[in-house]
Amino acid sequence: MDNFLTYAFMQRALLAGIGVSIPCAILGVFLVLRRDAMIGHGLAHVTFGGVALGLLLSVAPLLVTLGVSVVAALGILKLKEKAGLYGDTAIGIVSSLGMALGILLVSLAGSFNVDLFGYLFGNVLAIDPEEVWLSLLLAAGVLATSILFYQEFFFLTFDPESARTSGIRVRRLESLMAVLAAVTIVLGMKVVGILLVSSLLVIPAAASLQVARSFKQALVCAALLAGGTTIGGLVISYYLDWPPSGTIVALSGVFFLVLFFLRKSLRP
Amino acid sequence: MANETLISVENVSFRYGETDILQDVSFGIAAGDFLALTGPNGSGKTTLIRIVLGLLKPSAGRISLLGEAIDRFREWNRIGYVPQKATNVDPLFPATVREIVAMGLLSQKPFPRFLRAADEPGINRALERVGMAGLKNRRIGELSGGQQQRVFIARAIVNTPDVLFLDEPTAGVDAETQTRFYEMLSELNRRERLTIVLITHDFSVITKHVNKVACLNQRLFFHGTHEEFCSSPVVQELLQGEHHLVCHRH
């Protein structure tokens, strides 16, 4: 059996995979507890439009998608706030428009379907060194911001009304959280693809909530699960020749089920 | 000498769409008051508290909190607040009692608001004051409604605020726990001169524990002392002859 670590493409995949999945999982804990998990799914649809725009303009799709996703995330918040829409309705509108934009651009260009498929299903094994560095840089930014605003995010997640009466600027924090969600979705897109990227936010967070007894434990547990399933998924996919994106997500689903039944047996 | 006025509500009105929720409400709350804000369902009590705390903007009128207009108010560490239905906690929410009480300290911390070892004694003290020190590391979802309520009071008083606002804090809590809870509030008010503003429907609380009462039904139709309240014809109107009110103090 050969050692997968001797291959540069596997080294890059592991580096980018771990670097991206950990901040996704940490942010996911806040989003899941705020019942905002679907924002990840909605923004993933929007990234389809962003990628198509980037490919059409021949500008780095990662950067174009980043801009489109951040605008979409803030748009969802504004729709909720100004139009008085429910969160899932606002997400539904923005994600559908993003997807429609992608379909229109693909139809107009008609020539980059193969590239687009790489984004839809993810291809972390083909990630190039520049994308690895860009991903790690953005992931470090998301992680550092989450640590700096940890106490505020925690308060906002648990009790937004009391957070406001503690002098916390709730609207600014909600915007910051939405921007971070947009950045993590764009980062995860390259690892597991647009169709599965929201799983990086949701599954490790939901799994950690089955066993965590404190908020810090939930964050650490989600980060460990995300890192572990990314490594495990990549290793399994290498030796069994399975698609890495599907393997990573399926493995995290298995961990979720194990922890779910563990909680049920301990605290029926 | 009259006590210092901590909260001033001047000609406050609030409309939601075409509906008047509050009309021209004015009153003051002095330091050391234990005020019950009461009135029928939908009378605007929660709306008024939310306006006083700056969570809602009034359609007309002015609010002053600790001598500062509410839109310029920044001393949030001097205010404690326990919102309505605070104890509707998701049982799976992974937060310990200690983590929740520590949230209350954020209002006095500059960015990045990290907690330090020096904050622990304050957290312990707040938990001791509400008799919850032994459950510091328990998950909030594992506690009873009454115990959760005490944790939220500890979070609200961890900064030793000047004023504590509570919005129907004992809804869904059993009678025995309610009695202990209000005795604890009375003690905080008496011993530590904590000013308390309490929204309640519970007449036994009004007759036993508070020293000021404000009755609201869109308009303020009574504001005075506990004794004035007990002898006021407005109370009989409120009770509509269904109950006999016995006012007494412990």
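Predicted model: local features only at pLDDT ≥ 70, side-chain atom pairs only at ≥ 80, totals over all residues.
**Exercise 1. Describe the contact between chain A and chain B: how many residues take part, and how much area is buried?**

Step 1. Start with who takes part. Chain A brings 29 residues to the contact, and chain B brings 29 residues too.

Step 2. Now go for the area. The size of an interface is often given as the accessible area lost when the parts come together. Here, about 2,800 Å² is buried between chain A and chain B. Carbon and sulfur atoms give 60% of that.

Step 3. Next, look for charged partners. There are five salt bridges between the two chains. To check one yourself, find the side chains of A:Glu161 and B:Arg50, where the N to O distance is 2.1 Å. The cut-off for a salt bridge is 4 Å, so this pair counts.

Step 4. Finish with the polar contacts. Between chain A and chain B, 10 residue pairs are in polar contact, both residues having pLDDT 80 or more.

**Exercise 2. Work out which helices of chain A supply residues to the side that touches chain B, and what kinds of residues sit there.**

Step 1. List the helices that give at least two residues each: H6 (129–148), H7 (150–158), H8 (160–164) and H11 (215–240) of chain A.

Step 2. Pick out the top contributor. That's H7(A), which has the largest share with seven residues.

Step 3. Sort the residues on this side of chain A by type. You get 13 nonpolar, seven polar and nine charged.

**Exercise 3. Trace the six-stranded sheet of chain B: what is the strand order, and which strands stand at the edges?**

Step 1. Read off the order. The open sheet runs S6-S7-S8-S3-S9-S10 in chain B, and its pairing is mixed.

Step 2. Find the edges. S6 (79–82) and S10 (219–225) of chain B each have a single partner strand, so one side of each is left without a neighbour in the sheet. From one strand to the next, the twist averages 15 degrees.

Step 3. Check the directions. Strands of a sheet pair through backbone hydrogen bonds, either parallel or antiparallel.

- S6(B) pairs with S7 (residues 163–167) of chain B over four bridges, and B:Tyr81 stands opposite B:Phe165.
- S3 (residues 34–38) and S9 (residues 212–217) of chain B are joined by four bridges, and B:Leu37 faces B:Ala214.

Step 4. Now the antiparallel case. S9(B) and S10(B) share six bridges, with B:Leu216 opposite B:Leu220. These two strands make a hairpin with one residue between them, and B:Gln218 in the turn has a positive phi of about 70 degrees.

Methods:
Residues numbered from 1 in each chain as written. Chains lettered and ligands numbered in written order. Heavy atoms only, no water. Contact = heavy atoms within 4.5 Å. Buried area = accessible area lost by both parts, 1.4 Å probe. Polar contact = N/O pair within 3.5 Å; in protein donor to acceptor, adjacent residues only side chain to side chain. Nonpolar A, V, L, I, M, F, W, Y, C, P; charged D, E, K, R; others polar. Pairing = 2+ DSSP bridges. Axes fitted to C-alpha atoms, helices over the stretch in contact; angles between N-to-C directions.
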